[in-house]
Amino acid sequence: MTKMRFLALAVFATSYPVTLLAFDDQPTAELQALDDALPGSLINDPTRLDWQIFGTGQTSKPVKGEDIPGGKAALQITVPKAGATLFEVGANAPITTSIKAGTDIVVAFYARTVSADTSDGKGRIGVRVQQNIAPYSGFGDTTLVIDKDWKLYEVSAKATSSISRGQAVVGFQLAGAKQVLEIGQTIVVAGATSLTAKSTKTVQSATTDLLPQLQGKGRLINNPSNKDWPVYGPGATHMTIASPNIPGTGGTALRVTTSAPAAQPYDVGAAIPILEEVKEDDILLIGVLARTAPGSSGDGTSKLGIRVQLNEAPYSGFGDNVLTLGPNWKLLQLKTQASTTIAAGKGAVALHFGAAAQAIEVGQVYVLNTSGPIAVTNE
């Protein structure tokens with residue numbers, strides 16, 4: 001590892017002192033110095049790019065250049081077509097330690113789009129930390145929109161399960177579009193919530209940008225880029241699908257298919273976490289990008305229930321409504337006033353799919369704390 005490369009690595013943590021003497025945990029003095037300079041503990045080797053690359057038809061090669069930040073080297077990966085799921089093509093960057101459930105993990109990496117067959121010309125990368133053996137359990141699922149110029153991206157998450165040493169990887173999921181991407185130096189840290197000193201409540205992702213219809217209407221209190229929602233209910237199937245032409249910058253959607261009406265619409269559902277406290281009488285604006293899935297039978301409409309609630313027993317809540325979806329992507333907005341206080345991290349927007357035999361696709365969901373008259377609109 002050259003001195004130039006180390007200095008590039010250290011740009012993540014210029015506000016932290018660098019200690020060059022410690023050499024207990026990392027295999028080299030330079031990696032130990034980087035570890036000392038970072039918040040938390042370094043749990044990967046940022047100098048390595050010999051990652052596991054997989055997927056039908058993909059090709060990859062190392063690239064070098066003075067313009068590549070953080071080490072002057074990257075992996076270029078060509079994805080020949082969009083997949084039915086993001087993870088059909090991927091790259092796994094090894095983590096060198098075990099991970100304990102409840103630990104805060106940060107993944108920071110440089111990337112750029114060379115070309116992409118998307119409406120905005122930008123690539124899509126899904127990021128998750130996972131066990132690299134069956135059942136491939138993981139956490140932190142986030143879809144990022146990758147600019148054409150080199151940029152540092154950051155994803156933060158809390159481990160929902162423990163992973164043994166030698167089994168943990170950062171999974172870069174690349175089948176969101178036909179695209180050519182370059183991924184450079186990657187740093188993974190345990191025991192910290194950010195390397196860039198920005199709020200982890202929004203996660204460093206272009207997908208947290210508000211759509212024009214929502215800008216200036218309130219404070220975002222959820223993370224629209226996180227679509228790792230728990231889905232529940234009998235007689236239903238669900239999958240994450242690539243949807244490059246979805247409005248905004250999401251790139252993926254959740255498709256839920258119910259084979260028959262449930263006893264109650266809420267018997268089949270998904271829960272979208274609310275990160276901040278909701279106080280009684282707060283007015284929330286909820287924006288849901290959704291549509292009836294292509295190829296669904298009937299008149300092309302479907303019914304999506306929605307509710308704000310405590311995400312644990314007794315599941316008290318408010319704002320119950322039913323939204324009618326058509327075959328085209330549409331932002332549906334619901335304004336509702338909180339009838340109770342819900343503590344930070346305890347709330348969720350519940351989506352209900354069980355009203356009929358139907359297939360629904362949901363893109364980004366936005367929750368804003370706002371003010372104004374209570375109304376429901378379909379835009």
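# Exercises on a predicted model

Leaving aside neighbours within four places in sequence, Leu 351 is in contact (heavy atoms within 4.5 Å) with Val 268, Gly 269, Ala 270, Ile 272, Leu 304, Gly 305, Ile 306, Val 362 and Val 365. The model is predicted, so local features need pLDDT of at least 70 and side-chain atom pairs count only at pLDDT 80 or more, while totals for chains, interfaces and linings use all residues. Residues are numbered from 1 along each chain as its sequence is written, and side-chain values use heavy atoms, with hydrogens and water left out.

## Exercise 1

Solution. 
- Step 1. Buried means under 20% relative accessible area, exposed over 50%, and partly exposed in between (1.4 Å probe, protein chains only).

## Exercise 2

Describe the largest nonpolar core: how many residues does it have, and which elements give two or more residues to it?

Solution. 
- Step 1. A nonpolar core is a set of buried Ala, Val, Leu, Ile, Met, Phe, Trp, Tyr and Cys residues joined through side-chain atoms within 4.5 Å.
- Step 2. The largest such core has 36 residues, and those with the most contacts inside it are Ile 99, Ile 105, Phe 109, Ile 125, Val 127, Phe 172 and Leu 174.
- Step 3. Two or more residues come from each of the strands S4 (73-79), S5 (90-94), S6 (104-116), S7 (123-131), S8 (138-146), S9 (151-158), S10 (168-173) and S11 (179-190).
- Step 4. A second, separate core has 31 residues, including Val 268, Ala 290, Phe 318 and Val 362.
- Step 5. Not counting residues up to four places away in sequence, Ile 105 touches a set that includes Ile 43, Ile 99, Val 129, Phe 139, Val 155 and Val 188.

In soluble globular proteins, nonpolar side chains tend to be buried together.

## Exercise 3

Characterise the two aromatic pairs that involve Phe 172 with Trp 51 and with Phe 109.

Solution. 
- Step 1. Rings of Phe, Tyr and Trp (its six-membered ring) pair if their centres lie within 6.5 Å; planes under 30 degrees apart count as stacked, over 60 as edge-to-face and the rest as tilted.
- Step 2. The structure holds three aromatic pairs. Trp 51 and Phe 172 form a stacked one, 5.5 Å centre to centre with 15° between the planes.
- Step 3. Trp 51 lies in the loop between strand S1 (41-42) and strand S2 (52-54), Phe 172 lies in S10, and the two are 121 residues apart. Both Trp 51 and Phe 172 are buried.
- Step 4. Phe 109 and Phe 172 have ring centres 4.9 Å apart and planes at 70°, so this pair is edge-to-face.
- Step 5. Phe 109 is in S6 and Phe 172 in S10, so the pair ties together parts 63 residues apart in sequence. Phe 109 is also buried.
- Step 6. Trp 51, Phe 109, Tyr 153 and Phe 172 form one aromatic cluster.

## Exercise 4

Which backbone atoms does the side chain of Asn 222 reach?

Solution. 
- Step 1. Asn 222 lies in the loop between strand S12 (219-220) and strand S13 (231-232). Asn 222 counts as buried because its relative accessibility is 1%.
- Step 2. A polar contact is a pair of N or O atoms within 3.5 Å; within protein, one must be able to donate a hydrogen and the other to accept it, and residues adjacent in sequence count only if both atoms are side-chain atoms.
- Step 3. A polar atom of the Asn 222 side chain lies 2.8 Å from the backbone oxygen of Val 365. The Asn 222 side chain also reaches the backbone nitrogen of Val 367 at 2.9 Å.

## Exercise 5

Locate Arg 165 and list its contacts beyond four places in sequence.

Solution. 
- Step 1. Arg 165 is found in the loop between S9 and S10. Arg 165 counts as exposed because its relative accessibility is 64%.
- Step 2. Leaving aside neighbours within four places, Arg 165 is in contact with Thr 96, Thr 97 and Ser 98.
- Step 3. Arg 165 and Thr 97 are 68 residues apart in sequence and 4.9 Å apart in space, C-alpha to C-alpha.
- Step 4. A polar atom of the Arg 165 side chain lies 3.5 Å from the backbone oxygen of Thr 96.
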